[in-house]
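Good morning, colleagues. I shall take a few minutes to go through one structure, and I ask you to keep the view open as I speak.

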Amino acid sequence: MATEIGQTDPKLKSLLRGLKLRVWIAEVVRPTELQITLCWAGVIGFVGAVASFAFREATEAVHWLLTQRVGDYASTFAALPYWRRLITPAIGGLIAGAIIYAGARFRRSKYTTDYMEAVVVGEGLIALRSSLVKCTSAMFSVASGASIGREGPLVQLSSLCSSLLARWQKWSRPRRRLLVACGAAAGIASAYNAPIGGALFVADIVLGSLEMQIFGPLVFASVIATLTMQRFVGKEPLYASSFQLRSDWEIVPHIGLGILIGFAAPLFLRLLRVSERWFATLPLKVYTRMMIGGFIVGALTILSPQVAGNGYSAISHILHAQWFWPALALILICKLIATAATFGSGAVGGVFTPTLLIGASSGFLFGTLTRYLLGASITSDPAVFALVGMGAFLAATTHAPVMALLMVFELTLDYQIILPLMLASVIAYYISISLERRSIYSESLKRKGALFFDERLAHVRVADLLKRDPLTVLETARFREIGQDFITNRFNYIYVVDDARHFKGAISLHDIKGYLRDPDLADLVIARDVMRFDFPTIECDTSVRDALQRFSKHDGERLPVVANNESAELLGTVSKTDLILALAHRDSEATEEK
Amino acid sequence: MAVSFHDLFQPAQVVLELRAKTQNDAVREIVERLHAAKRVEDDDAFADAVMEREARSSTNTGDGVAFPHARTDLVEELVLGIGRSKNGVKFGGPDALVHLIFLVGVPQRLVTDYLVCVGTIARIVRPKAKREQLFNAATADDLVDILRNGALELQ
């Protein structure tokens with residue numbers, strides 16, 4: 001007889017130790033792809049908030065360069081002499097336009113710069129250079145006092161970061177789209193210190209879906225982004241306020257406000273569109289147009305410095321100071337013109353804060369009128385109407401009432417106003433949508449997206465979601481090779497193929513457990529001895545829905561995709577999460593098209 | 001665990017002294033015994049399957065023991081045939097002659113049972129003293145008792 005079986009060699013020992021750890025992780029921690037996606041969403045939240053903060057700081061620096069003053073734009077503009085008020089936005093517009101003009105050659109990139117387009121109809125990829133051009137241009141517009149919101153470029157930057165991450169990580173299309181959406185949510189959450197609003201804005205407007213598969217990561221991204229941003233700028237809500245309603249009957253004038261705004265919002269949307277068309281007819285280069293836009297804003301700041309900038313400080317003033325109504329009416333009119341001029345001239349940025357200011361000042365004026373008519377005993381502070389007006393106007397222009405009322409709630413953290421806010425937002429939404437089918441955001445999407453809808457996404461097949469080059473071993477692969485593969489990859493299954501790459505079966509990490517106590521087996525066993533012969537496969541032309549069915553009898557996250565049943569050539573793998581995401585996206589698109 | 005080693009080791013499935021001198025003959029001799037014990041219907045096909053697997057990679061451990069096997073639906077449950085050769089059989093891979101052959105048949109649906117079965121037997125025969133006991137066992141019943149006791153000791 002031969003001698004005692006030799007001592008297990010040290011290499012094999014460490015391999016077995018590694019495998020034991022791997023099995024422990026797989027069985028105890030069990031990270032599913034969705035959980036990993038959640039973690040990435042958190043990373044994106046952090047990165048998005050840092051990018052947002054950097055953008056804010058850069059904007060403040062440019063603002064100082066242009067005005068040599070620090071502070072909110074309304075007071076810095078008020079402190080400037082008239083001629084500088086006139087030219088500062090014009091200079092900003094000129095520079096911002098020149099940047100766009102110079103960056104136009106990046107336009108040919110095959111990716112979009114519009115995060116909404118990237119998420120809803122596109123590949124989930126955002127063009128790097130043209131996005132940076134847009135953001136830099138927006139930075140000069142914002143810093144020079146144009147009537148435009150910071151949130152546009154913030155969201156842009158933050159979704160750009162997540163798109164870069166997606167490209168680097170080589171995620172599948174549905175996941176790229178989801179994570180770019182997470183970037184957008186992070187941008188909004190950090191711009192407004194509003195995590196609920198950020199998650200809901202993206203879920204409601206961009207994705208049109210509240211499926212948990214999608215909403216969960218959005219929540220993760222916006223919470224982390226908010227926490228990060230609060231580290232930099234503090235925890236105060238943007239427009240902290242606390243008001244009391246005087247009587248239950250006060251709800252009646254708020255309904256009136258909702259109705260009024262429901263009719264006014266479509267007019268505002270039309271004003272923006274008319275202005276855009278008018279500027280487009282001017283035979284001028286983009287920088288000249290934006291300079292003219294800047295001049296108009298500058299001229300208006302001479303009348304009322306509150307017009308300058310996104311309107312943040314003006315809203316704070318409306319909520320915390322007593323206003324003489326003609327002064328506010330002047331601001332409202334000037335702000336409308338300034339916003340239309342800024343947008344029409346082609347400046348890049350967000351409409352969110354200007355919209356809020358218009359809603360707030362309309363609400364305040366309405367409140368003043370109600371107070372005059374009904375008396376101070378029944379009606380509360382006109383500032384309450386300003387808040388409700390903000391929400392209602394937002395709901396009516398974005399066509400997303402849930403997001404609007406939550407956003408206003410988060411911006412003010414004033415729970416008292418929630419009842420009139422809810423009612424007015426919903427009423428304004430219903431009226432607005434019956435008059436104007438397009439929201440402030442659907443504009444660009446409808447223009448660019450319509451072409452893609454049917455052909456690309458209506459018929460997503462498994463082949464579109466394929467992840468190529470899965471980890472495989474030959475039928476004769478030995479235990480050492482298989483064990484090493486399990487340690488260096490986080491898959492729980494390794495696919496077994498023959499020489500022609502035809503799928504034969506799969507080895508489960510859980511089945512391998514039997515090896516771990518018996519090092520003797522290491523040299524005896526080959527892949528074929530322990531693989532599962534009846535492992536489910538998916539043919540590449542299967543529909544997403546049918547493919548998902550295949551997962552019902554399988555506890556794994558991925559299944560192999562084969563060419564067809566006879567040859568069973570292994571093409572790649574498809575993950576359950578991707579299928580669910582693809583379905584969720586598609587369902588949201590289906591409802592949108594109705 | 002679904003594998004009952006008491007039932008797995010059966011005296012009727014032991015060839016106490018193999019006549020075969022070659023790997024192929026040894027496998028066929030053990031498979032014939034399994035056929036006689038009504039554990040395998042199609043003995044030729046089963047032996048072919050075992051030899052086909054053996055051709056891909058030898059199961060000779062180099063310690064005088066080999067574990068030829070096949071995962072095939074020619075068997076309905078886990079079956080084990082045992083062959084002993086005092087003179088030794090030349091068995092693929094390493095040069096060392098093989099004195100104990102544990103031939104395993106596993107249906108395709110059972111994934112882990114093969115590992116459990118081979119792993120346990122490998123541990124039973126790991127001590128040199130155990131292998132010598134098996135080598136010297138006078139009857140098939142004695143040999144099976146040694147194995148059954150060995151399995152109990154491991155538990």
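**A pocket, a sheet and an interface**

I begin with the second largest pocket: α2(A) gives the most to its lining, with 4 residues. Please bear in mind throughout that this is a predicted model.

How much space lies in the second largest pocket? The volume is about 1,200 Å³. The lining is made up of 41 residues, and those closest to the centre of the pocket are A:Glu33, A:Arg490, A:Phe491, A:Glu557 and A:Arg558. As for secondary structure, the elements of chain A that give two or more residues to this lining are α1 (10-29), α2 (33-67), α8 (173-192), β1 (467-468), β3 (493-497) and α24 (576-593). By residue class, the lining divides into 17 charged, 14 nonpolar and 10 polar residues.

Which strands make up the open sheet, and in what order? In chain A, 4 strands follow the order β1-β7-β6-β5, and their pairing is mixed. β1 and β5 (538-539) of chain A are the edge strands, each of them pairing on one side only.

I now turn to the contact between the two chains. On the side of chain B, 28 residues are in contact with 25 residues of chain A. Between them, the chains bury about 2,600 Å², and 57% of this area is on carbon and sulfur atoms.

How many salt bridges are counted between chain B and chain A? The count is 3, while over all chains it comes to 12. I shall show two examples. In one, B:Arg53 forms a salt bridge with A:Asp529, and the closest N and O atoms are 2.7 Å apart. In another, B:Arg56 forms a salt bridge with A:Glu475, with the closest N and O atoms 3.8 Å apart. Here the cut-off deserves mention: a pair is counted when the nitrogen is within 4 Å of the carboxyl oxygen. Where do the two partners lie? B:Arg56 lies in helix α3 (residues 43-56) of chain B, and A:Glu475 lies in the loop between β2 (472-474) and α20 (479-488) of chain A, so the pair joins two chains.

Thank you; I welcome your comments.

Methods: Residues are numbered from 1 along each chain as its sequence is written. Chains are lettered from A and ligands numbered from 1 in the order in which they are written. This is a predicted model: local features need pLDDT of at least 70, side-chain atom pairs count only at pLDDT 80 or more; totals for chains, interfaces and linings use all residues. Side-chain values use heavy atoms; hydrogens and water are left out. On a 1 Å grid over the protein atoms alone, a cavity is a set of points where a 1.4 Å probe fits but cannot get out, and a pocket is an open set with protein on both sides within 12 Å along at least five of seven lines; lining residues have an atom within 4 Å of a point. Grid points are joined across faces, edges and corners, and a volume is the space filled by probe spheres set on the points. Ala, Val, Leu, Ile, Met, Phe, Trp, Tyr, Cys and Pro count as nonpolar, Asp, Glu, Lys and Arg as charged, and the others, Gly among them, as polar. Two strands pair if DSSP finds at least two bridges between them. Contact means heavy atoms within 4.5 Å. Buried area is the accessible area (1.4 Å probe) that two parts lose on being put together, summed over both. A salt bridge is a side-chain nitrogen of Lys or Arg within 4 Å of a carboxyl oxygen of Asp or Glu.
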